[in-house]
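Subject: Structure for your review

Dear colleague,

Please find the structure below, followed by an account of what was found in it. I would be grateful if you read the account with the model open.

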Amino acid sequence: MRFTILIIPIIYLWFGLLPLYFTNAADYISHQVPLLTAYFLLMLWITPTRYLPVVSSAVGAFSTFRMLPTVISSVVRPFGKPFRVTPKGSGNEAIGFDGYSLAWIAALIVATAIGLVINIVPETSHIEAQFSPIAVCWSGINILVLAIASLICFEKPRRLFDAFKLDEAVHVDGVSGRIVSLALDKAVVAVPPETRFASADVTLSLEGFSPFKTELRTVTQRRRSLARLGDKEAFYLHLFFDLSGSLRDKMIVKLYTGRYSQDVRDIDKVAVSINLLLRTFGRTRTL
C-alpha cells in the first residue's frame, strides 16, 4: 500500500492514467478528507507521543523498500528464503548507511519532480482531468515524505544498553547531584553549574552501591527541557563505566526490576511532538 501511494502520482503525471474514474475533485475531497482526518485523530488518540502524520509516513516509506522484495519473493516462493527483520542489538555502535533504500528514494523523488515539471509547462503537459490539482498536492506530500525518509538512511551510532530515567540523589567525588539517566555502562548526573573536578576520573556514589570509578567524557548544559518545564539550569555529567561481577548483576536488578521509565512521564503533546520531529532530523540528544 505504501509503495502504491508513492507511485500513483508518478504514473498519472507521466502517462496520464487516472487512478479513479467517474469522479471529480469534489468527490475526492468529500470522501478522502473525512477518512484521513478520522485516521489521524485515531492514531493521535492511541499513540499521542509516538505518531506524527508526516514523520510516521516517512518511517513507513523507508521500510517499504526493504520489505517489498521480501514480500514478493514470499508470494512466489512461500517456503523459500525465510523472512528476516533487522537484527536489533547487533552493530549498534557502528554508523549505518542504507544506500539501497536511499537509491530508491532518490529515484522516486526525481521521477515525481520531473513529472511535475513536465505538466507545469503548457507545451509538454498532457493531463487535463480534475484530478490534476490533487495529483500536484499528492506529489508534493510524497516528495516531503521521501525527503524525511532519506534522512533515516543515515543512522547514528547507538549504545547497546537501554537507559532508564531516574531522579535520585547521588554524589560525584563528594559533590551532591541528581542522577537523571542510568544504564549498564553510563550515568547522566545533574550538578550545579559551579561544579569543578580535578580530573576526568571520578567516583560515583549511588544509593545501595559501593562507590565505583567512572570516566567523565562529556559535560552538557541545559537551561530548560521542552518535556520538563520545571527544569532549572544545570550541568549534566556523562559518566561512563564498566561494571563486572556482582556489581554488574546488582545494577541489572536495580534497572530492570525498579519502577523506572524509558518514556516521558508528564506528557506534553506539543512539546513531545516537536522533540520527536527534531530527533528525526538528528538535532536532539537522548540522555
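A residue is called buried at under 20% relative accessible area, exposed at over 50% and partly exposed in between, with a 1.4 Å probe and protein chains only. The model is a predicted one, so local features require pLDDT of at least 70 and side-chain atom pairs pLDDT 80 or more, while totals for chains, interfaces and linings use all residues. Residues are numbered from 1 along each chain as its sequence is written, and side-chain values use heavy atoms, leaving out hydrogens and water.

Overall composition

The chain contains seven helices and eight strands; these are DSSP runs (helices H or I, at least four residues; strands E, at least two), numbered from the N terminus. Of its 287 residues, 29% are buried.

Helix α4

Helix α4 covers residues 99–120, 22 residues in total, and spans 31 Å from its first C-alpha to its last. That is close to the 32 Å expected at 1.5 Å a residue, where the expected span is 1.5 Å times one less than the number of residues. The buried residues of α4 are S101, I105, L108, A111, T112, G115, L116 and N119. Seen down the helix axis, they fall within an arc of 130 degrees, so they line one face of α4; the arc is taken from the directions from the axis to the C-beta atoms. On the other side of α4, V117 and I120 are exposed. The cover over the buried residues includes α1 (2–15), α3 (53–76) and α5 (131–152).

Aromatic pairs

Rings of Phe, Tyr and Trp (its six-membered ring) pair if their centres lie within 6.5 Å; planes under 30 degrees apart count as stacked, over 60 as edge-to-face and the rest as tilted. By this rule there are six aromatic pairs. In one of them, the ring centres of F65 and W104 are 5.9 Å apart and the planes lie at 20 degrees, so this pair is stacked. Because F65 belongs to α3 and W104 to α4, the pair ties together parts 39 residues apart in sequence. F65 is buried at 3% relative accessibility, whereas W104 is partly exposed at 35%.

A further pair, F164 and Y256, is edge-to-face, with 5.2 Å centre to centre and 85 degrees between the planes. F164 lies in strand β3 (residues 164–172) and Y256 in helix α6 (residues 245–257), 92 residues apart. F164 is buried, with a relative accessible area of 7%, and Y256 is partly exposed, at 45%.

Yours sincerely

Key:
Contact = heavy atoms within 4.5 Å.
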